[in-house]
Protein chains: 2
Amino acid sequence: MVHKLTAEARQQFFADHPAWKEAEGKDAAETTLTFADFNEAWGFMSRVAVYADKHDHHPEWFNVYNRVEITLTTHDAGGLSERDEKMAAFIDRIRG
Amino acid sequence: MVHKLTAEARQQFFADHPAWKEAEGKDAAETTLTFADFNEAWGFMSRVAVYADKHDHHPEWFNVYNRVEITLTTHDAGGLSERDEKMAAFIDRIRG
């Protein structure tokens, strides 16, 4: 069972991950990444996909050419959870 | 130089590819695919990514878990072109 972050933990999340902002209209965090080209964007997405499949936690994401928009939330928890925090930390580590 | 499909070719496109519909508000074609799980969706996306990089023509696409939404258009042509037709044919061939 996974729980939503507490109000304090949520605040800490956005303080710790300045590249992420609160999504409008839902309890989620979002970020946009821009790469040199599609090949580089896809390499990044592949690393996130392996992480996602391993941890059974999946992003909502949009890609066009060199741009990747990611929204993280945990449906089972009804909002941002520790799983999103871990995935955001992974993404921040590899976003270059 | 790539040109937009003529009105007749555009009509033929949607007749030939019934899984695709006209996007609202732009000259583009869109489809939604549903897979067994994220792993299968990602396998499909990887095949499209290899095609995209090889042909230097890229989809706009959104994924969450087992669902993939794809929009095809050719920015250089200002709308649907032969490149989109070829990519749609490839996607239809592998969508299973």
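**Entry: A:Glu22 and its partner**

A reminder to myself before the numbers: this is a predicted model. I began with A:Glu22, which is partly exposed at a relative accessible area of 48%. I then looked for its charged partner and found A:Arg10, with the closest N and O atoms of this salt bridge 2.8 Å apart. The pair links distant parts of the chain, since A:Glu22 is in strand 1 (residues 21-22) of chain A and A:Arg10 is in helix 1 (residues 7-16) of chain A, twelve residues apart. Is A:Arg10 buried or exposed? I noted it as buried, because its relative accessible area is 17% and the cut-off for buried is under 20%.

**Entry: the pair in chain B**

Next I turned to B:Arg10 and B:Glu22. They form a salt bridge, with the closest N and O atoms 2.8 Å apart. B:Arg10 lies in helix 1 (residues 7-16) of chain B and B:Glu22 in strand 1 (residues 21-22) of chain B, so this pair ties together parts that are twelve residues apart in sequence. I wrote down 18% relative accessibility for B:Arg10, which counts as buried, and 47% for B:Glu22, which counts as partly exposed.

Salt bridges join A:Lys4, A:Arg10, A:Glu22 and A:Asp27 into one network.

**Entry: A:Glu60 and A:Lys26**

I looked up another charged pair. The side chains of A:Glu60 and A:Lys26 meet in a salt bridge at 3.2 Å, N to O. Why does this pair tie together parts that are 34 residues apart in sequence? It does so because A:Glu60 lies in strand 3 (residues 60-64) of chain A, while A:Lys26 lies in the loop between strand 1 and strand 2 (29-34) of chain A. A:Glu60 counts as buried at 12% relative accessibility, whereas A:Lys26 is partly exposed at 41%. For the tally, I have 16 salt bridges over all chains.

**Entry: how the two chains relate**

I then asked what rotation superposes chain B on chain A. The rotation is 180 degrees, with 0.0 Å of shift along its axis and an RMSD of 0.0 Å. That is the relation of a two-fold axis. The same surface serves both copies, as 100% of the contact residues of chain B recur in chain A. Of the residues of chain B, B:Phe62 comes closest to the rotation axis, with its C-alpha at 2.1 Å.

**Entry: the interface**

I counted 16 residues of chain B in contact with 16 residues of chain A. The area buried between the two chains is about 1,500 Å², and carbon and sulfur atoms give 69% of it. In chain B, the residues that lose the most area to chain A are B:Phe38, B:Trp42 and B:Trp61, together 36% of what that side buries.

How many salt bridges cross the interface of chain B and chain A? I have zero in my notes. There are four residue pairs in polar contact across the interface of chain B and chain A. Helix 2 (38-55) and strand 3 (60-64) of chain B each supply at least two residues of the side of chain B that touches chain A. The largest share of that side, eight residues, comes from helix 2 of chain B.

**Entry: the nonpolar core**

Which residues touch the most other members of the largest nonpolar core? Of its 52 residues, A:Phe44 and B:Phe44 do. Leaving out residues up to four places away in sequence, I listed the neighbours of B:Phe44 as B:Leu33, B:Phe35, B:Val68, B:Ile70, B:Ile91 and B:Ile94.

**Entry: two threonines in chain B**

My last stop was a pair of threonines. B:Thr31 lies in strand 2 (residues 29-34) of chain B and counts as buried at 5% relative accessibility. Its side chain reaches the backbone oxygen of B:Ala19 at 2.8 Å. A polar contact of 2.9 Å also joins the side chains of B:Thr31 and B:Arg95.

B:Thr71 is in strand 4 (residues 67-72) of chain B, and at 13% relative accessibility B:Thr71 counts as buried. Among the residues that B:Thr71 touches, I noted B:Lys26, B:Pro59 and B:Glu60.

Terms used. Residues are numbered from 1 along each chain as its sequence is written. Chains are lettered from A and ligands numbered from 1 in the order in which they are written. This is a predicted model: local features need pLDDT of at least 70, side-chain atom pairs count only at pLDDT 80 or more; totals for chains, interfaces and linings use all residues. Side-chain values use heavy atoms; hydrogens and water are left out. A nonpolar core is a set of buried Ala, Val, Leu, Ile, Met, Phe, Trp, Tyr and Cys residues joined through side-chain atoms within 4.5 Å. Buried means under 20% relative accessible area, exposed over 50%, partly exposed in between (1.4 Å probe, protein chains only). Contact means heavy atoms within 4.5 Å. Copies are superposed by least squares on the C-alpha atoms of residues with pLDDT of at least 70 in both. Buried area is the accessible area (1.4 Å probe) that two parts lose on being put together, summed over both. A salt bridge is a side-chain nitrogen of Lys or Arg within 4 Å of a carboxyl oxygen of Asp or Glu. A polar contact is a pair of N or O atoms within 3.5 Å; within protein, one must be able to donate a hydrogen and the other to accept it, and residues adjacent in sequence count only if both atoms are side-chain atoms. Helices (H or I, at least four residues) and strands (E, at least two) are DSSP runs, numbered from the N terminus.
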